[in-house]
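Student: Could you take me on a close look at the aromatic rings in this model and what surrounds them?

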Amino acid sequence: MKKIIAMVMLVVMTVGAGISHAAAQKERLDSSAIMKLVDKYKGEDGFETVTFGNLAVGLAKMAANATVQTPEDKAALDMLSGIRKFVAVEYEGASASAKASFDKEISALLAGAEKIVEVKDGGDSVDIYGTLSEDGDKISDIIIHVPEESSVVCIFGAVDINDLGKVVRMEDE
């Protein structure tokens with residue numbers, strides 16, 4: 001799955017500028033509505049949630065900055081500089097009805113947003129949503145939804161596509 005996501009991000013970088021005009025016409029992701037949904041299911045049986053807010057993200061950036069030793073480290077740190085919140089939800093252990101309910105609600109919130117990439121790999125699909133800047137240089141509020149694996153990853157903030165490209169290229173080397 002890691003290679004699929006790296007490949008997807010490489011595609012995002014490559015076509016970012018070309019789709020930025022179309023993306024500008026889509027709705028911006030409503031991060032507060034997504035957080036309300038996460039909060040609604042937090043603590044429910046079978047739902048595991050990890051949230052790093054502004055403070056935790058800032059501390060992680062400071063710690064990472066102190067340990068930068070290689071160009072790869074620097075590229076990763078540059079990519080993370082615009083991130084203000086990170087949320088991961090894993091609900092594999094939830095009941096079938098809770099999974100279906102969460103998937104329906106998250107899909108409704110993402111319905112008007114720009115689906116940047118959709119990857120199908122066998123029975124699995126990875127849907128990546130986000131908001132591209134008008135010039136296509138930044139992508140903000142990235143949501144990665146993998147329904148078959150019962151997981152959602154939310155990266156709130158902005159990522160420079162060029163910085164993302166450096167990290168993906170280094171990962172492939």
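Tutor: Happy to! A residue counts as buried when its relative accessible area is under 20%. By that cut-off, Tyr91 and Phe102 are both buried in this predicted model.

Let's start with the rings themselves. A search of the whole structure turns up 6 aromatic pairs. One of them joins Tyr41 and Phe47: the ring centres lie 4.9 Å apart with the planes at 35°, so this pair is tilted. Tyr41 has 8% relative accessibility and therefore counts as buried, and Phe47, at 8% relative accessibility, counts as buried too. Tyr91 and Phe102 make another pair, with centres 4.7 Å apart and planes at 55°, so the pair is tilted. This pair links distant parts of the chain, 11 residues apart: Tyr91 sits in the loop between strand 2 (83-90) and helix 5 (96-110), while Phe102 belongs to helix 5. Together, Tyr41, Phe47, Tyr91 and Phe102 form one aromatic cluster.

Now to the surroundings. Beyond its neighbours within four places in sequence, Phe47 is in contact with Tyr41, Val89, Glu90, Tyr91, Ala94, Ala98 and Phe102.

In soluble globular proteins, nonpolar side chains tend to be buried together.

Technical notes
Residues are numbered from 1 along each chain as its sequence is written. This is a predicted model: local features need pLDDT of at least 70, side-chain atom pairs count only at pLDDT 80 or more; totals for chains, interfaces and linings use all residues. Side-chain values use heavy atoms; hydrogens and water are left out. Rings of Phe, Tyr and Trp (its six-membered ring) pair if their centres lie within 6.5 Å; planes under 30 degrees apart count as stacked, over 60 as edge-to-face and the rest as tilted. Buried means under 20% relative accessible area, exposed over 50%, partly exposed in between (1.4 Å probe, protein chains only). Helices (H or I, at least four residues) and strands (E, at least two) are DSSP runs, numbered from the N terminus. Contact means heavy atoms within 4.5 Å.
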